[in-house]
Amino acid sequence: MKRAMTKKVMAKNMLKNKKVPVRQCVGCQEMKSKKEMIRVIRTAEGEFSLDTTGKKNGRGAYICPCEECLLKAVKNKGLERSFKQKIPAEVYEMLKKEMSGIESE
């Protein structure tokens with residue numbers, strides 16, 4: 001009886017101490033909760049887009065949902081380092097438009 005009770009208590013304690021996934025912003029370099037960040041993905045076809053759900057397929061890099069961090073990522077080439085390739089200016093413009101759409105919601 002004691003063994004069963006201890007397992008329940010242990011299981012309950014494990015649920016309380018669940019780890020929160022943390023990611024680093026490619027713009028400001030701050031560590032934040034994964035849910036607070038927006039994922040920028042590169043698909044297998046080489047296209048870039050914002051992934052607000054965090055579940056789309058592709059290589060991902062995380063950025064804070066503010067335009068300032070995107071500008072910092074452009075300046076310090078954070079996205080280029082994450083994706084290990086040069087990113088065209090049109091992609092940054094598209095990301096800036098998508099980001100402003102998310103900010104206004």
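From the N terminus on, the elements run α-β-β-β-β-β-α-α-α, giving the chain 4 helices and 5 strands. Helices (H or I, at least four residues) and strands (E, at least two) are DSSP runs, numbered from the N terminus. This is a predicted model, in which local features need pLDDT of at least 70 and side-chain atom pairs count only at pLDDT 80 or more, while totals for chains, interfaces and linings use all residues. Residues are numbered from 1 along each chain as its sequence is written, and side-chain values use heavy atoms, leaving out hydrogens and water.

**Exercise 1: The sheet**

Task: Work out the strand order of the open sheet of 3 strands, and describe how its strands pair.

Solution: 

Step 1. Start with the rule: two strands pair if DSSP finds at least two bridges between them. In general, strands of a sheet pair through backbone hydrogen bonds, either parallel or antiparallel.

Step 2. Count the bridges. β3 and β5 run antiparallel and are joined by 5 bridges; β3 and β4, also antiparallel, are joined by 4 bridges.

Step 3. Write down the order: β4-β3-β5. β4 and β5 are the edge strands, each pairing on one side only. On average, neighbouring strands are turned by 30° against each other, direction ignored (axes are lines fitted to C-alpha atoms, for helices over the stretch in contact, and angles run from 0 to 180 degrees between N-to-C directions).

Step 4. Zoom in on single residues. Isoleucine 41 has glycine 60 as its bridge partner in β5 and serine 49 as its partner in β4.

Step 5. Look at the turn. Between β3 and β4, which form a hairpin, there are 5 residues, and glycine 46 in the turn has a positive phi of about 90°.

Step 6. Check the cover on β3. Here 4 of its 5 residues are buried, so β3 is largely enclosed by the rest of the structure (buried means under 20% relative accessible area, exposed over 50%, partly exposed in between, with a 1.4 Å probe and protein chains only).

**Exercise 2: The cysteines**

Task: How many disulfides does the structure hold?

Solution: 

Step 1. Apply the cut-off: a disulfide is a pair of cysteine sulfur atoms within 2.5 Å.

Step 2. The structure holds 0 disulfides. For cysteine 25, the nearest cysteine sulfur is that of cysteine 64, 3.6 Å away. For cysteine 28, the nearest is that of cysteine 25, at 3.7 Å.

Step 3. Look around cysteine 25, which is buried with a relative accessible area of 1%. Not counting residues up to four places away in sequence, cysteine 25 touches Glu30, Met37, Tyr62, Ile63, Cys64 and Cys69.

**Exercise 3: Positive phi in the loops**

Task: Locate glutamine 29 and lysine 77, and decide whether each is buried, exposed or partly exposed.

Solution: 

Step 1. Glutamine 29 lies in the loop between β1 (22-24) and β2 (31-33). Its phi is near 65°, a positive value in a residue other than glycine. With a relative accessible area of 37%, glutamine 29 is partly exposed.

Step 2. Lysine 77 belongs to the loop between α2 and α3. Its phi, near 55°, is positive too, again in a residue other than glycine. Lysine 77 is partly exposed, at 44% relative accessible area.

Methods:
Contact means heavy atoms within 4.5 Å.
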